[in-house]
Amino acid sequence: MTETENDYIGIGLRRLRKERGWTQEELAGKCNLDPRTIQKLERNENSPTLNSIRALAKSFGMRRGEFLTTIEDDIITKYTKEKEPHEE
């Protein structure tokens, strides 16, 4: 992942979690990760490992590729909105 993607990985993860109405603790339980790991991923304080990507994807009922594509789409959307000139 590029630096920009790492900056925004938490955006997609947070959106997916909230779409399902899960707390960070519920997601952590579903993917067998520590809730602090979920917090740090959503805040972009840590980058996900391959194992955590695998576990997160499974908890969302996705394959790794689908999960990463979903995250990437959120990154592109966020990055594009930041770069667009604002109307005055």
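Modeller: A charge sits over a ring if NZ of Lys or CZ of Arg is within 6 Å of the ring centre and within 35 degrees of the ring normal. This is a predicted model, in which local features need pLDDT of at least 70 and side-chain atom pairs count only at pLDDT 80 or more, while totals for chains, interfaces and linings use all residues. Residues are numbered from 1 along each chain as its sequence is written, and side-chain values use heavy atoms, leaving out hydrogens and water.

Colleague: Happy to start there! Which ring has the charged end of Arg-20 over it, and how far away is its centre?

Modeller: Arg-20 has its charged end over an aromatic side chain, that of Trp-22. The distance to the centre of that ring is 6.0 Å.

Colleague: How do the rings of Trp-22 and Phe-60 lie, stacked or edge-to-face?

Modeller: Rings of Phe, Tyr and Trp (its six-membered ring) pair if their centres lie within 6.5 Å, and planes under 30 degrees apart count as stacked, over 60 as edge-to-face and the rest as tilted. The centres of Trp-22 and Phe-60 are 5.3 Å apart and the planes meet at 20°, so this pair is stacked.

Colleague: How many residues apart in sequence are the parts that this pair ties together?

Modeller: Helices are DSSP runs (H or I, at least four residues), numbered from the N terminus. Trp-22 lies in the loop between helix H1 (3-19) and helix H2 (24-31), and Phe-60 in the loop between helix H4 (50-59) and helix H5 (64-83), so the parts joined are apart in sequence by 38 residues.

Colleague: Nice! Which residues form the aromatic cluster?

Modeller: The structure holds two aromatic pairs. In one of them, Phe-60 and Phe-67 have ring centres 5.9 Å apart and planes at 15°, so they are stacked too. One cluster is formed by Trp-22, Phe-60 and Phe-67.

Colleague: Are Phe-60 and Phe-67 buried or exposed?

Modeller: Buried means under 20% relative accessible area and exposed over 50%, with partly exposed in between (1.4 Å probe, protein chains only). By that rule, both Phe-60 and Phe-67 are buried.

Definitions and conventions: Helix = DSSP H or I, 4+ residues; strand = E, 2+ residues; numbered from the N terminus.
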